[in-house]
Amino acid sequence: MEDLPEGLALSNAGKIAKRLGTISGGRVLDVATARGGFINTLMKTLKAYDSFVGIDYCASDESRKLMESAKKRFEGKPIRFFEMNAENLKFEAESFDTVCISYSLHHLANIDKVLTEMKRVLKNGGNFILQECYCDGDQTEAQKADELEHEWEARIDSLLGITHNKTFTKQRIMDVASSLKLRELEVFDSTHPVDCLFCERKYECEDPKNQATFHNSIKYIDSVIKRIKDYPDLGTRNRFKEEGERIKEAIAKSGSAPASYLFIIGKA
Ligand SMILES: C[S@@+](CC[C@H](N)C(=O)[O-])C[C@H]1O[C@@H](n2cnc3c(N)ncnc32)[C@H](O)[C@@H]1O
């Protein structure tokens, strides 16, 4: 692999990509796909695949727009997107060779129902891939600032009736993985997502205080504040706005970097 920034090189992302490079995905289902970010990662890393299906229940206009943008982004590729609740998948039993879910466990109202459905549509011997960030462990100040933002954003979404829980602990993710009763379970722990490996900004991002990252974080916080612009209670709106400003200050001080995550692969 090409020379990588030090943090990324030490992160396990390369090891995960290498492992994905040994997997023939066949027909792949990506649950809670949003704009298909994980499909993009798998397309670049899997040894082979036949086709992808991405589903999302599009809880908000924002997530509906994301899925629409995904349809355009992957035009011409063997991918189909459907608006669908993962608690009730409209697919035949054992109709996928691989099922996956990325950064979404903490967005689910009923994890057990979704996982049961994912296992139902997965062929016997098929691959189950799970990627989820965690909030504990040894994370940098920049990652902690990002976690502050996430926890605040999750409370805003909850206020609007959209399921968005706090980031899970490592143990909680491991408990979910054990509940799946998969065979040949492999668990990778990483500070950098696999998609950083092929991102043009990987050198820039290595410094969590770089200007582009800072400006993106501020812009993102402002966009989250806009979500509650029509919320009826002015006091609540102002309280969240003030909190948002304090998080911007924390990010100005420490920078911002994505949380570490567990990447789990097993067989049904
Ligand atoms: C953080 S985003 C997903 C990110 C994406 N998987 C990735 O790795 O880039 C979480 C998504 O979960 C979706 N979601 C939550 N509950 C769902 C359900 N029951 N069925 C389908 N999608 C769901 C939300 O609409 C949202 O788009």
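The structure is a predicted model, in which local features need pLDDT of at least 70 and side-chain atom pairs count only at pLDDT 80 or more, while totals for chains, interfaces and linings use all residues. Residues are numbered from 1 along each chain as its sequence is written, and side-chain values use heavy atoms, with hydrogens and water left out.

Seven strands form an open sheet with mixed pairing in the order E3-E2-E1-E4-E5-E7-E6; helices (H or I, at least four residues) and strands (E, at least two) are DSSP runs numbered from the N terminus, and two strands pair if DSSP finds at least two bridges between them. Strand E3 (79–83) and E6 are the edge strands, and because each has a single partner strand, one side of each is left without a neighbour in the sheet. From one strand to the next the twist averages 15°, with axes taken as lines fitted to C-alpha atoms (for helices over the stretch in contact) and angles running from 0 to 180 degrees between N-to-C directions. E6 and strand E7 (residues 261–267) run antiparallel and are joined by 6 bridges, and Val187 has Ile264 in E7 as its bridge partner. Helix H2 (residues 13–20) lies across strand E5 (122–133), E6 and E7, at about 150° to E6, whereas helix H5 (residues 111–121) lies across strand E1 (27–31), strand E4 (96–102) and E5, at about 145° to E5.

**Ligand site.** The ligand is surrounded by 18 residues, the closest being Ala32, Asp56, Asn85, Ala86 and Ser102, where a residue counts as near if one of its heavy atoms lies within 4 Å. The table gives polar contacts, that is, pairs of N or O atoms within 3.5 Å.

| Protein atom | Ligand atom | Distance |
|---|---|---|
| Asp56, polar side-chain atom | oxygen | 2.5 Å |
| Ala86, polar backbone atom | nitrogen | 2.9 Å |
| Ser102, polar side-chain atom | oxygen | 2.5 Å |

Of the 610 Å² of accessible area that the ligand has on its own, the protein covers 86%, as computed by the Shrake-Rupley method with a 1.4 Å probe.

**Cys196.** This residue is found in the loop between strand E6 (183–190) and helix H8 (202–205). Leaving aside neighbours within four places in sequence, Cys196 is in contact with Leu8 and Lys202, contact meaning heavy atoms within 4.5 Å.

Notes:
Polar contact = N/O pair within 3.5 Å; in protein donor to acceptor, adjacent residues only side chain to side chain.
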